[in-house]
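Trainee: I have a model open and would like to learn how to read its features. Could you walk me through them?

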Amino acid sequence: MSILLCFATAIILNFWGKQGRVSTCSPKEAVCAVALSWIIAAILGGFPLYIGGYVPTFLDACFEAMSGFTTTGSSIMTSTAIDTMPRGIAMWRNETMFLGGMGIVVLVIAIMPFLGLNTARLFKAESPGPSLEKTSPRVKEMAGSLWKIYVGVTIIGIFSLMALGLDFFNATTHVFAAVSTGGFSPHSASTAYFASPAVDFCLAFLMLFCSLNFSVHFFALKNRSLSAYKDSECRFFFAVVAIAVAIVTVTLLRDKTYTSLFEAFHQAFFHVSSLISTTGFVSADYGHWSHVCLFTFLTVMMIGGCAGSTAGGIKCIRFQIAFKGIKAQLANTMHPNAVYTVRQNGEPVREGYLLSIALFIVLYFSFWGIAILLSCMCGND
């Protein structure tokens with residue numbers, strides 16, 4: 001039923017726009033196309049959940065699909081509904097995250113070269129970060145290269161989890177959630193269902209890998225060298241992870257939440273990896289942990305992954321350049337006649353770029369504050 005409805009929608013849109021096709025699009029049209037693509041994907045993606053009767057309303061179905069495609073990971077489904085849903089529906093629920101991880105539009109550009117549009121603007125409109133280095137002079141080839149890496153990591157992850165004892169279904173659904181940094185699980189207990197540190201560590205490495213810029217992975221494979229990971233943003237990301245893991249591990253041992261160093265490190269490393277990548281997997285009820293741990297989790301969740309990754313958040317590169325800009329501004333205040341240049345990977349950063357990053361961060365926290373206010377008005381603490 002869902003396939004027929006999607007196919008009918010595609011035919012209608014195809015004929016509707018047939019007379020107005022052009023070889024290029026303006027920046028405004030590109031942004032509009034990307035936004036509408038996500039909305040339509042959520043509506044069509046919700047059909048299986050609603051038609052099958054697995055959610056009470058069509059709005060709930062659209063919410064669940066939008067949460068999947070945007071790799072947000074929020075769910076309106078109860079624990080009982082998650083644990084009892086058929087495997088086909090559970091697989092589709094996680095597949096929405098896999099398809100949305102690299103971006104709906106990037107997927108379309110990669111597999112549908114007959115579009116004939118100037119896809120560079122579409123690609124830019126959906127780029128997950130302030131900048132995305134070109135891995136290829138052609139956007140279609142670049143989208144294809146990124147998807148090849150994405151699929152390759154997914155296949156490696158599935159075989160790795162199967163080697164650790166998971167069946168194909170559980171391995172596939174959890175790898176889909178890890179590489180897309182979405183976090184859906186066919187079990188209400190999430191990864192705690194397996195009670196396996198080995199599975200947690202495997203998923204943690206997948207989440208961290210996909211939190212790095214996929215262009216860096218491309219150049220590392222192309223040059224057959226790990227020197228690409230010396231990128232300034234990568235170093236910043238690893239430093240944040242190391243500091244956060246150290247803080248949480250020490251706090252868990254201090255509070256005697258865990259008496260074993262290995263178990264404390266295991267839980268700290270897994271949850272920091274899960275939250276800085278904005279995945280949301282859980283292997284323990286950290287809601288009862290110290291406020292130091294909770295504040296650390298909130299901080300890394302807002303920082304997020306690198307630009308050009310599947311992870312969410314503000315992105316490491318924005319924080320990194322913002323800190324450098326603050327440092328340069330303070331130095332300039334102390335020495336007005338001196339000239340200080342903000343650099344990233346040895347290259348000077350344009351002032352306009354600094355301004356756009358500052359505005360983005362202000363906008364992010366503005367939306368955050370408004371959302372908190374609206375949530376409180378709805379009766380939440």
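Predicted model: local features only at pLDDT ≥ 70, side-chain atom pairs only at ≥ 80, totals over all residues.

**Reading the model, feature by feature**

Trainee: Is Phe194 buried or exposed?

Mentor: The cut-off for buried is under 20% relative accessible area. Phe194 has 17% relative accessibility, so Phe194 counts as buried.

Trainee: Which residues does Phe194 touch, leaving out those up to four places away in sequence?

Mentor: Phe194 touches Leu166, Asn170, His174, His187 and Val199, with residues up to four places away in sequence not counted. There is also a distance to look at along the chain: Phe194 and Ser283 are 89 residues apart, and their C-alpha atoms are separated by 8.7 Å.

Trainee: His187 was in that list. Where does His187 lie?

Mentor: His187 lies in the loop between helix H10 (168–179) and H11. At 13% relative accessibility, His187 counts as buried. Not counting residues up to four places away in sequence, the contacts of His187 are Ile82, Asp83, Asn170, His174, Tyr193 and Phe194.

Trainee: I would like to look at backbone angles next. Which phi does Thr181 have?

Mentor: Thr181 has a positive phi of about 50 degrees, although Thr181 is not a glycine. Thr181 is placed in the loop between H10 and H11, and with a relative accessible area of 0% it is buried.

Trainee: And what about Arg224: what is its phi, and where is its place?

Mentor: Arg224 also has a positive phi of about 50 degrees and is not a glycine. The place of Arg224 is in the loop between helix H12 (214–223) and H13. With a relative accessible area of 80%, Arg224 is exposed.

Trainee: Now to helices. How should I read a packed pair?

Mentor: The general idea is that two packed helices are described by the angle between their axes and the distance between the axes. Here, helix H13 (residues 232–254) packs with helix H16 (residues 316–334) at an angle of about 95 degrees, and their axes are 9 Å apart. Angles of 65 to 115 degrees count as roughly perpendicular, and H13 and H16 are therefore roughly perpendicular to each other.

Trainee: Which residues meet there?

Mentor: From H13 come Ser232, Glu233, Phe236 and Phe237, which meet Cys316, Ile317, Phe319, Gln320, Phe323 and Lys324 in H16. Sorted by class, this contact of H13 with H16 has six nonpolar, two polar and two charged residues.

Trainee: Some of those are aromatic, which brings me to rings. What describes a pair of aromatic rings?

Mentor: A pair of aromatic rings is described by the distance of the centres and the angle of the planes. Rings pair if their centres lie within 6.5 Å, and by this rule the count comes to 23 aromatic pairs. One of them is Phe98 with Tyr150, which is stacked, at 4.9 Å centre to centre and 10 degrees between the planes. Phe98 lies in helix H6 (residues 87–101) and Tyr150 in helix H9 (residues 139–163), so this pair ties together parts that are 52 residues apart in sequence. Phe98 counts as buried at 11% relative accessibility, and Tyr150 counts as buried at 0%.

Trainee: How does the pair of Phe201 and Phe262 read?

Mentor: Their ring centres are 6.1 Å apart and their planes are at 45 degrees, so the pair of Phe201 and Phe262 is tilted. Phe201 lies in helix H11 (residues 197–209) and Phe262 in helix H14 (residues 261–276), so the pair ties together parts that are 61 residues apart in sequence. Phe201 counts as buried at 17% relative accessibility, whereas Phe262, at 46%, counts as partly exposed.

Trainee: Which residues form a cluster with Phe98 and Tyr150?

Mentor: Trp147, Phe176 and Phe214 form one aromatic cluster with Phe98 and Tyr150.

Trainee: Where do charges sit over rings?

Mentor: One case is Arg93, whose charged end sits over the ring of Phe184, 4.0 Å from its centre. Another is Arg318, which lies over the face of Phe360 at 3.5 Å from the ring centre.

Trainee: Finally, how many helices and strands does the protein have?

Mentor: The protein has 17 helices and two strands. Of its 381 residues, 46% count as buried. For contacts between residues at least 6 apart in sequence, 66% join residues at least 24 apart.

Terms used. Residues numbered from 1 in each chain as written. Heavy atoms only, no water. Axes fitted to C-alpha atoms, helices over the stretch in contact; angles between N-to-C directions. Helix = DSSP H or I, 4+ residues; strand = E, 2+ residues; numbered from the N terminus. Parallel < 35°, antiparallel > 145°, perpendicular 65-115°, else oblique. Contact = heavy atoms within 4.5 Å. Nonpolar A, V, L, I, M, F, W, Y, C, P; charged D, E, K, R; others polar. Phe/Tyr/Trp six-rings, centres within 6.5 Å; stacked < 30°, edge-to-face > 60°. Buried < 20%, exposed > 50% of the residue type's maximum accessible area, 1.4 Å probe, protein only. Lys NZ or Arg CZ within 6 Å of the ring centre and 35° of its normal.
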